[in-house]
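Subject: Handing over the model

Hi,

Here is the structure I promised to pass on to you. Have a look at it first, and then read on for my notes.

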Amino acid sequence: MTGTTYDVIVIGAGPVGENVADRVVRGGLTAAVVERELVGGECSYWACMPTKALLRGAAALRAVRHVPGAREAVTGDLDPAAVLRRRDSFASNWADDGQVSWLDSAGIALHRGHGRITAARTVEVTGGDGTTTSLTARHAVVVATGSGALVPDIPGLRAAAPWTNREAAAAEEVPRRLAVIGGGVVAAEMATAFASLGSEVTVLARDGVLPHAEPFAGELVTTSLREAGVSVRLGAEAASVQRYGDGTVRLTLTGGDRIEADELLVAVGRTPNTRDIGLDAIGLTPGSWLIVDDTLRVPGHEWLYAAGDANHRALLTHQGKYQARAVGDAIVARATGARVEDGRWGRHAATADERAVPQVVFTDPEIASVGLTAAAAEAAGLRIRVVDHDLGAVAGAALHADGYRGQARMVVDEDRQVVVGFTLAGPDVGELLHAATIAVVGEVPLDRLWHAVPAFPTVSEVWLRLLEAYGR
């Protein structure tokens, strides 16, 4: 066994781990990342990038078909093979040479293999050839191992070899029939993608479609999926699953109905990738989410941090990278004796995780949101007012596409007179979200927002319409 010492060791070389290491090195410390799969992680190969590439072609075609003049220029349908080839390019054909090259240029050491914590500040790496290397951290170990798909205990499900987000994102062929268990973001996006590619899609959404979003968002997406030919079965639940010798998958529902498909996608949630990283060696529970403070440090272990999905604060790549910047800077501050700014909205605190998380769901229509839904705001004890506006009634939306269909909602904290939640549903609304994020994070008073004049004619004019509806 060989040994090496660094200031910081990061387990996991996805976007979160890469950003932690980068911030540490920029701060003058040394860093190493440990990765057992591809450098670049889930987002680069099996989530954000390839899945959005699967969705983009159909979205562009829909946009053209809603603009007379441009619509007449379109004479064909979507080319599934071309879509899959473009997806492959965004997944770098599942090769991480470019990511490894970036690590080298950034001065970050890479240790390939399975990393396990064996003691305080010590990580043992087992390579593919069975050799082991013991790494020691002078200051910190950061767990950035992400999460994996949750496969529920439905009889026969695991034996049926279902797809998770990984198999869906990397599919080499478009199945004729696809069944989806789940109604959340992955389920809704992949139902949208594969329906556009030609699959007959059935969605079993026990808890509804996009159940954590504003209700109107799920309703609009459900309507759109059904218009696209998707069978959306709200409240439906699989009781058992069986795959036959010819590859057909049969799902028996709790009510006795049966559904047959060629592939089955399970998209019901995530589970932390912490089962085999040595947590038991330091008194923590293997397979658990890691509880952290606002500087992402694990209480009772002053040298241990967790960033990204593994801490369960906000399971989104951009939020994990935000955490990575905070934790990397916090580690540098503690290592150099600088002041740690861990108060609300402080440099080293991941405050946005609490009430200012932005998210875009790339369905048809897109759903863009930040902060609290009306229900979440009420549950948090806020005295709120909800203001809605028909997004299609805004002049910019009418220009954007004929028959533009959408909605906007602003959730206002009446006591502080600030926006605490914002949701948009409509074509291409993801590009409008950052203005709302700034308003929520900056806690911009409504009387100041009146002076943020939206350009005419853009879809952003909805801000003015919402403020008018609220009343000056």
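Contact, as I use the word below, means heavy atoms within 4.5 Å. Please also keep in mind that this is a predicted model.

Let me begin with Val141. Leaving aside its neighbours within four places in sequence, Val141 is in contact with Ile9, Ile11, Ile117, Arg121, Val123, Trp303, Leu304 and Tyr305. Val141 also stands out in the largest nonpolar core, which has 48 residues: together with Val20 and Ile117, Val141 touches the most other members. Two or more residues of this core come from each of β1 (2-11), α1 (15-26), β2 (31-35), β5 (122-126), β6 (132-143), β16 (304-306) and α9 (317-336). Strand β6 gives the largest share, 6 residues. Another core, of 34 residues, lies apart from this one, and Leu178, Val221, Leu265 and Ala267 are among its members. As background, nonpolar side chains in soluble globular proteins tend to be buried together.

Next, the open sheet. Its 4 strands are paired in parallel, in the order β10-β9-β8-β14. At the edges are β10 (231-234) and β14 (263-266), each of which pairs on one side only. On average, neighbouring strands here are turned by 15° against each other, direction ignored. Looking inside the sheet, β8 (residues 177-181) and β9 (residues 200-205) run parallel and are joined by 5 bridges.

Strands β12 (residues 249-253) and β13 pair in the antiparallel sense over 4 bridges, and Val249 has Ala261 in β13 as its bridge partner. Between the two strands are 4 residues, and Gly256 in the turn has a positive phi of about 105°.

After α4 comes Ser92, with a positive phi near 55°.

Last, a residue in a loop: Thr274, found between β15 (270-272) and β16. Is Thr274 buried or exposed? Its relative accessible area is 0%, so Thr274 is buried. A polar atom of the Thr274 side chain lies 2.7 Å from the backbone oxygen of Ser288. Neighbours within four places in sequence aside, the contacts of Thr274 are Thr145, Leu279, Pro286, Gly287, Ser288 and Ala310.

Over to you, and happy browsing!

Best wishes

Definitions and conventions: Residues numbered from 1 in each chain as written. Predicted model: local features only at pLDDT ≥ 70, side-chain atom pairs only at ≥ 80, totals over all residues. Heavy atoms only, no water. Pairing = 2+ DSSP bridges. Axes fitted to C-alpha atoms, helices over the stretch in contact; angles between N-to-C directions. Core = buried A, V, L, I, M, F, W, Y, C linked by side-chain atoms within 4.5 Å. Buried < 20%, exposed > 50% of the residue type's maximum accessible area, 1.4 Å probe, protein only. Polar contact = N/O pair within 3.5 Å; in protein donor to acceptor, adjacent residues only side chain to side chain.
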